Amino acid sequence: GPANFTLPAFTGKAGMFPTLFITVACGACSGFHSLIASGTTAKQLENEKDAKLIGYGAMLIDSALGIISLIAVGMVADKFIIDGAFKGAPAVAFATGIATMFGVETSTIYGTIYALLTLAVSVFALTSLDSGTRLSRYMFGELLLKDNEASWKDASGLRKVFANPIVCTLFMVVIGSVLGGLSLSAIWGLFGAANQLLAGLALMAVAAWLGNIGKNNKMFFIPMIFMLAATITQLVKTVIAKFAAVSAGAPWGDWFQLIFAAAMVVLSVILVIEGVTTFAKQSKKAAK
């Protein structure tokens with residue numbers, strides 16, 4: 001990047017927890033990746049023993065991609081970061097930065113790389129949106145079902161209506177459309193915490209499953225507790241900050257973050273209570 005431009009850096013321990021552990025997201029522990037892997041990677045493994053190598057390798061590659069992205073944005077920072085604020089589309093900044101590494105704007109290789117990377121990022125976004133919508137529909141429907149109900153057909157009343165796959169899908173599409181109408185800054189403020197919270201819940205779900213089938217699940221407890229503590233703390237801080245902002249007349253983006261952060265705190269606490277109850281039952285069963 002130009003000599004007169006510097007990106008803000010982490011310079012001390014003050015405020016390190018929980019923000020630092022929320023910011024270092026997908027390459028460390030990603031909830032969204034855990035959901036995707038449960039329906040894709042799991043079906044591609046010939047042997048369960050290969051999961052550790054493939055999963056860890058994927059996270060290393062994801063981390064490498066993150067570093068490359070930072071370098072790419074640094075290459076073209078003077079074009080996209082104006083007066084300390086990012087201007088433009090992230091996909092365009094990434095494609096422009098990588099293309100700049102290989103050629104000047106007027107060269108054929110620059111245009112080719114720019115087009116291919118823009119297409120790749122767009123495809124990633126579209127496939128992620130598709131997977132995210134389907135997974136959200138599953139979870140929304142299951143949230144409304146009781147333990148003894150195998151599907152929405154076993155439910156009754158309004159729960160049966162809202163748990164219907166078509167109705168669930170419509171809800172998710174509407175929510176997605178609302179999110180699409182917001183600015184990136186309004187959404188991005190919750191992305192890290194939401195993703196890492198999902199990672200903590202995924203660890204809790206796997207630990208509960210292993211406990212139910214009688215296998216050792218103790219190795220999940222420390223990372224699970226740390227992830228849940230970090231994310232819930234961050235969300236509570238967000239709720240407090242956004243409540244102060246909306247009280248001072250903040251725009252809709254802050255209202256959105258306040259509502260969704262508060263909803264995530266409530267839902268996560270409910271799930272944590274369920275998880276703790278499950279682990280307690282498993283412990284008593286094992287003691288007998």
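**Helix H6 and its surroundings**

Mentor: Helix H6, residues 90-102, has 13 residues, and the distance from its first C-alpha to its last is 19 Å, close to the 18 Å expected at 1.5 Å a residue. This is a predicted model, and what follows should be read with that in mind.

Seven names make up the buried part of H6: Ala-93, Phe-94, Ala-95, Thr-96, Gly-97, Ile-98 and Ala-99. The cover over these buried residues includes helix H4 (50-75), helix H5 (77-80), strand S2 (85-86) and helix H7 (108-143).

H7 deserves a separate look. The axes of H6 and H7 come within 8 Å and cross at roughly 150 degrees. An angle over 145 degrees counts as roughly antiparallel, so H6 is roughly antiparallel to H7. The crossing of H6 with H7 is right-handed. On the H6 side, the residues that meet H7 are Ala-91, Val-92, Phe-94, Ala-95, Thr-96, Ile-98, Ala-99, Thr-100 and Phe-102. Their partners in H7 are Ile-109, Tyr-110, Ile-113, Tyr-114, Leu-117, Thr-118 and Val-121.

H7 passes H9 in a right-handed crossing. In this contact Thr-133, Ser-136, Arg-137, Phe-140 and Gly-141 of H7 meet Pro-165, Cys-168, Thr-169, Phe-171 and Met-172 of H9.

Now to the nonpolar cores. The largest one has 25 residues, of which Leu-190, Leu-197, Met-224, Leu-235 and Phe-279 touch the most other members. Helix H10 (184-212), helix H11 (221-247) and helix H12 (252-287) each supply at least two residues of this core. H10 gives the most to this core, namely 11 residues. Apart from neighbours within four places in sequence, Leu-235 is in contact with Leu-190, Ala-193, Leu-197, Ala-261, Met-264 and Val-265. A second, separate core has eight residues, including Phe-94, Ala-95, Ala-99 and Ile-113.

The buried residues of H11 are Met-224, Met-227, Leu-228, Ala-230, Thr-231, Ile-232, Gln-234, Leu-235, Thr-238, Lys-242 and Val-246. Just after H11, Gly-249 has a positive phi of about 90 degrees.

Finally, the chain as a whole. It holds 12 helices and two strands, and from the N terminus on the elements run α-α-α-α-α-β-β-α-α-α-α-α-α-α. The C-alpha trace spans about 70 × 55 × 45 Å along its principal axes. Of the 288 residues in the chain, 27% are buried. Among contacts with a separation of 6 or more, 62% join residues 24 or more positions apart.

Key. Residues numbered from 1 in each chain as written. Predicted model: local features only at pLDDT ≥ 70, side-chain atom pairs only at ≥ 80, totals over all residues. Heavy atoms only, no water. Helix = DSSP H or I, 4+ residues; strand = E, 2+ residues; numbered from the N terminus. Expected span 1.5 Å × (residues − 1). Buried < 20%, exposed > 50% of the residue type's maximum accessible area, 1.4 Å probe, protein only. Contact = heavy atoms within 4.5 Å. Core = buried A, V, L, I, M, F, W, Y, C linked by side-chain atoms within 4.5 Å. Left-handed = near helix turned anticlockwise from the far one by under 90°. Axes fitted to C-alpha atoms, helices over the stretch in contact; angles between N-to-C directions. Parallel < 35°, antiparallel > 145°, perpendicular 65-115°, else oblique.
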